Amino acid sequence: VEGWWKAQHITGWRMPGESCVDVYQGGASLKELDVMDLSVPIVEIRDFLVARYQQRLNIHPRLFEEVVGSVFRNMGYSAIVTGYSGDNGIDVILSSGKETIGVQVKRYKNKIDVEQIRSLAGALVLNGLTRGIFVTTSTFESGAHSTSDRYSQRGYPIELIDAQRFFDALCLSQREMYRSWDEFSTLVTAKRLPLVLHLMEHY
């Protein structure tokens with residue numbers, strides 16, 4: 001069950017210079033959010049994940065792939081979520097300028113092992129890509145990072161984004177957009193900013 005709140009505050013003067021009336025209005029409603037329903041808007045799935053990230057394994061894998069694609073779009077990439085059939089091991093294709101990146105998404109409970117990293121590397125070769133990102137709802141085994149480093153040395157960098165890193169990116173992408181640095185610096189103080197890991201690494 002997902003909860004929704006709406007509220008408003010109205011201030012008005014009865015007569016100029018006399019008395020001010022403050023009116024507060026609020027209401028709430030509940031609705032069922034079926035996180036396995038592919039027709040649910042991605043914005044609602046994103047809100048659900050931010051509020052209840054511990055339930056990420058309950059979300060339909062296809063919806064989670066769509067969420068991943070939407071987060072990268074917020075980061076400035078063009079993102080295409082591939083279909084289940086014929087994706088050749090690539091779930092999301094990112095592009096920015098001349099760079100194209102293959103993303104594999106695993107809505108997974110167990111740790112990601114080395115063989116799954118190798119599988120992504122093979123998928124990159126099959127799809128003619130030279131850079132990859134592995135996004136998971138879990139974590140990586142210790143050998144996964146060293147395997148990723150070896151592929152990077154061979155010209156196939158693969159970035160590993162675990163559950164916590166992706167949650168940081170999701171929360172960051174949910175934040176308001178500011179029109180200028182002046183507006184940002186006026187409305188946001190440094191103390192209000194969370195510590196967020198960099199989403200992408202440059203090789």
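Author: Contact here means heavy atoms within 4.5 Å. The model is predicted.

Reader: Which residues is phenylalanine 64 in contact with, leaving aside its neighbours within four places in sequence?

Author: Phenylalanine 64 is found in helix H2, residues 61–74. Once neighbours within four places in sequence are left aside, its contacts are Leu49, Ile59, Val105, Arg107, Thr137 and Phe166.

Reader: Is phenylalanine 64 buried or exposed?

Author: Buried means under 20% relative accessible area. Phenylalanine 64 has 0% relative accessibility, so it counts as buried.

Reader: How are H3 and H4 oriented to each other?

Author: Two packed helices are described by the angle between their axes and the distance between the axes. For helix H3 (residues 114–126) and helix H4 (residues 142–153), the angle is about 25° and the axes are 8 Å apart. Angles under 35 degrees count as roughly parallel. H3 and H4 are therefore roughly parallel.

Reader: Which residues make the contact of H3 and H4, and how do they divide into nonpolar, polar and charged?

Author: The crossing of H3 and H4 is right-handed. H3 contributes Val114, Ile117, Arg118 and Ala121, while H4 contributes Gly143, Ala144, Thr147 and Tyr151. The residues of this contact divide into 5 nonpolar, 2 polar and 1 charged.

Reader: What do the buried residues of H3 pack against?

Author: The buried residues of H3 are Val114, Gln116, Ile117, Leu120, Ala121, Ala123 and Leu124. They pack against strand S5 (99–106), strand S6 (132–136), H4 and strand S7 (158–161).

Note on methods:
Residues numbered from 1 in each chain as written. Predicted model: local features only at pLDDT ≥ 70, side-chain atom pairs only at ≥ 80, totals over all residues. Heavy atoms only, no water. Helix = DSSP H or I, 4+ residues; strand = E, 2+ residues; numbered from the N terminus. Buried < 20%, exposed > 50% of the residue type's maximum accessible area, 1.4 Å probe, protein only. Axes fitted to C-alpha atoms, helices over the stretch in contact; angles between N-to-C directions. Parallel < 35°, antiparallel > 145°, perpendicular 65-115°, else oblique. Left-handed = near helix turned anticlockwise from the far one by under 90°. Nonpolar A, V, L, I, M, F, W, Y, C, P; charged D, E, K, R; others polar.
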